[in-house]
Amino acid sequence: NGDNAALFILYPVYLSFTPATPDVLTAIGIAVLALLIGFLLFSKGLLGGGDVKMLTAVSLWAGPELMGPFLMITAGAGGVLALVMVSRFHLEAAVLVHRCGAVRLSEAMTSHAMPYGAAIAAGAAFVSYRLFILGGA
């Protein structure tokens, strides 16, 4: 919750310092749409509340320019995680992930829940790279 709140709070700070001119109203609209779709998925038991908050927060940062690539990378990472989760090696993968320091992901991998947060974080890493390393979309 704190991480997601920080993402929302830091967005106006980013806007005040970036030399780019992002389409803020469209970004807010995209985030609201992500929130509404997330609520629907949450109500059906397909996505957790934290995942909905993270997806919404990253959607705000992605805006119209990076939303497509963000969703593609998130879906791809989710597909890889799904393959790992259904493989016979998922427990070994969980141990490896734990040894790398991703304790929460490791715990999620040993449960029956799909760790969507990790896939969303992969998409968020791409958005961060584009915004902060490359300087924009």
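User: What is the relative accessible area of Thr-56?
Analyst: This is a predicted model, in which local features need pLDDT of at least 70 and side-chain atom pairs count only at pLDDT 80 or more, while totals for chains, interfaces and linings use all residues. Residues are numbered from 1 along each chain as its sequence is written, and side-chain values use heavy atoms, with hydrogens and water left out. Thr-56 has its place in helix α3, where helices (H or I, at least four residues) and strands (E, at least two) are DSSP runs numbered from the N terminus. A residue is buried under 20% relative accessible area, exposed over 50% and partly exposed in between, with a 1.4 Å probe and protein chains only, and Thr-56 is buried at 5%.

User: Which residues is Thr-56 in contact with, leaving aside its neighbours within four places in sequence?
Analyst: Contact here means heavy atoms within 4.5 Å. Once the neighbours within four places in sequence are set aside, the contacts of Thr-56 are Phe-8, Ala-31, Ala-34 and Leu-35.

User: At what angle do helix α2 and helix α3 pack?
Analyst: Axes are lines fitted to C-alpha atoms, for helices over the stretch in contact, and angles run from 0 to 180 degrees between N-to-C directions. Angles under 35 degrees count as roughly parallel, over 145 as roughly antiparallel, 65 to 115 as roughly perpendicular and the rest as oblique. Helix α2 spans residues 24–43 and helix α3 residues 49–86, and with their axes 8 Å apart they pack at an angle of about 150 degrees. That is why α2 is described as roughly antiparallel to α3, the angle being about 150 degrees.

User: How many nonpolar residues are in the contact of α2 with α3?
Analyst: The contact draws on residues of α2 including Ala-31, Ala-34 and Leu-35, and on residues of α3 including Thr-56, Ser-59 and Gly-63. Ala, Val, Leu, Ile, Met, Phe, Trp, Tyr, Cys and Pro count as nonpolar, Asp, Glu, Lys and Arg as charged, and the others, Gly among them, as polar. On that basis the contact has no charged residues and six polar ones, and the number of nonpolar residues is 13.

User: How far apart are the axes of helix α1 and α3?
Analyst: Helix α1 covers residues 2–17 and packs against α3 at an angle of about 10 degrees, which means that α1 is roughly parallel to α3. The contact includes Phe-8 of α1 and Thr-56 of α3, and by class it has 10 nonpolar, three polar and one charged residues. The separation of the two axes is 9 Å.

User: The side chain of Thr-74 reaches the backbone oxygen of which residue?
Analyst: Thr-74 is also placed in helix α3 and is buried, with a relative accessible area of 12%. Beyond its neighbours within four places in sequence, Thr-74 is in contact with Ala-119, Ile-120 and Gly-123. At a distance of 2.8 Å, its side chain reaches the backbone oxygen of Phe-70.

User: Is Leu-83 buried or exposed?
Analyst: Leu-83 lies in helix α3, and its C-alpha atom is separated by 15 Å from that of Ile-73, which is 10 residues away along the chain. With a relative accessibility of 60%, Leu-83 counts as exposed.

User: What is the relative accessible area of Val-103?
Analyst: Val-103 is found in helix α5, which runs over residues 103–110, and its C-alpha atom is separated by 16 Å from that of Ala-122, 19 residues away along the chain. Val-103 is partly exposed, with a relative accessible area of 35%.

Note on methods: A polar contact is a pair of N or O atoms within 3.5 Å; within protein, one must be able to donate a hydrogen and the other to accept it, and residues adjacent in sequence count only if both atoms are side-chain atoms.
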